[in-house]
Amino acid sequence: MESQMQLSGQLSDWSVNDLLQIMQVTKKTGSLDIDGERRARIFFGEGRITGAELTGAKGSYLGADRSGIADILYVLSGLETGTFSVGPADGPEIKGWTVEEILADVEALRSLEGEVVDAGLFEATGVRLIHEIDGPITIEPEDWHALVTLVQPFTFNHLEVKFGRGTAVRIFHTLHRLGMAEALVAEDGESNWLDRLAEDVAPGAATPAWLDNLSEAEPTETELVVEPVDEPEPVHMSKAAEARSHSAQVSVEVKGVSAPASTTLTDGVYDEIRRLRSRVADK
């Protein structure tokens, strides 16, 4: 039975990378505990890294694969103060990865961070996707995951409240046409947003916080033409152009105003209607 390696000290004397190399060279099976601004445990099996766990104010994050381990070591690599010690072998019993493989991934992340910092995105008060692109783009599966992570589930009603029904229809149609969206299914097997759309529920549902930060859609310009009439006539509207994302301006002609017998109008409203008609007749 292998005796436990007795090693502990200060991070000011040994960097995390140095400690990783020591664990690998000595082919130790155990855990490397880090206690500083961040608390973590890195698991080793015969000198190979088999897992890692990072503990913070919001809970613990477990790195069970190569990418997850690299993420944790990427955070730990900047620590310069704190303590370390070698603990028992209580990590995953898998083959694991060499220190060089994990550190290569950490260095790649550090390089990406440099590009993001240079672009001014780290210090920005907010970041949003651009509204227009110069041409077609191809998104690789690994990049698509990054975009999906930013968008929380939403409903047709959310988009209708934010942008209006027409724009919401265009957005949903585009997502459907590109095969980029799927409906969440409720426990009873029916889609939540489809139920609400079928029942034509009035707006009022809580809007996701991320959706509140989107800019308002540009309103469609509407031209009103009032013509004098002797008797009220039904409202006539010109046929709208085909609904597309770049649809042409829709013009609406109002020929007159009619109301059912059940409608009650005050004298003040009648006076305003008479004033409007007389002003139109004088032109």
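**Exercise 1. Work out the strand order of the sheet and find its edges.**

Step 1. Start with the order: 6 strands run 1-6-2-3-4-5 in an open sheet, with antiparallel pairing. Strands here are DSSP E runs of at least two residues, and helices are H or I runs of at least four, numbered from the N terminus. Two strands pair if DSSP finds at least two bridges between them.

Step 2. Now look at the ends. Strand 1 (8-10) and strand 5 (59-63) each have a single partner strand, so one side of each lacks a neighbour in the sheet.

A word on the model before going on: it is predicted, local features need pLDDT of at least 70, side-chain atom pairs count only at pLDDT 80 or more, and totals for chains, interfaces and linings use all residues. Residues are numbered from 1 along each chain as its sequence is written, and side-chain values use heavy atoms, leaving out hydrogens and water.

**Exercise 2. Describe the pairing of strand 3 with strand 4, and the helix that packs on the sheet.**

Step 1. Strand 3 (residues 39-45) and strand 4 (residues 48-56) are antiparallel partners over 7 bridges. To place yourself, find I42, whose bridge partner in strand 4 is A52.

Step 2. Helix 2 (residues 66-76) packs on this sheet and touches strand 3, strand 4 and strand 5; contact means heavy atoms within 4.5 Å. The direction of helix 2 makes about 60 degrees with that of strand 4.

**Exercise 3. Classify the packing of helix 5 against helix 6.**

Step 1. The axes of helix 5 (residues 156-163) and helix 6 (residues 165-177) come within 7 Å and cross at roughly 135 degrees. Axes are lines fitted to C-alpha atoms, for helices over the stretch in contact, with angles from 0 to 180 degrees between N-to-C directions.

Step 2. The two helices are therefore oblique to each other (under 35 degrees is roughly parallel, over 145 roughly antiparallel, 65 to 115 roughly perpendicular, the rest oblique).

Step 3. Helix 5 contributes F156, L159, E160 and F163 to the contact, while helix 6 contributes residues including R165, V169 and F172.
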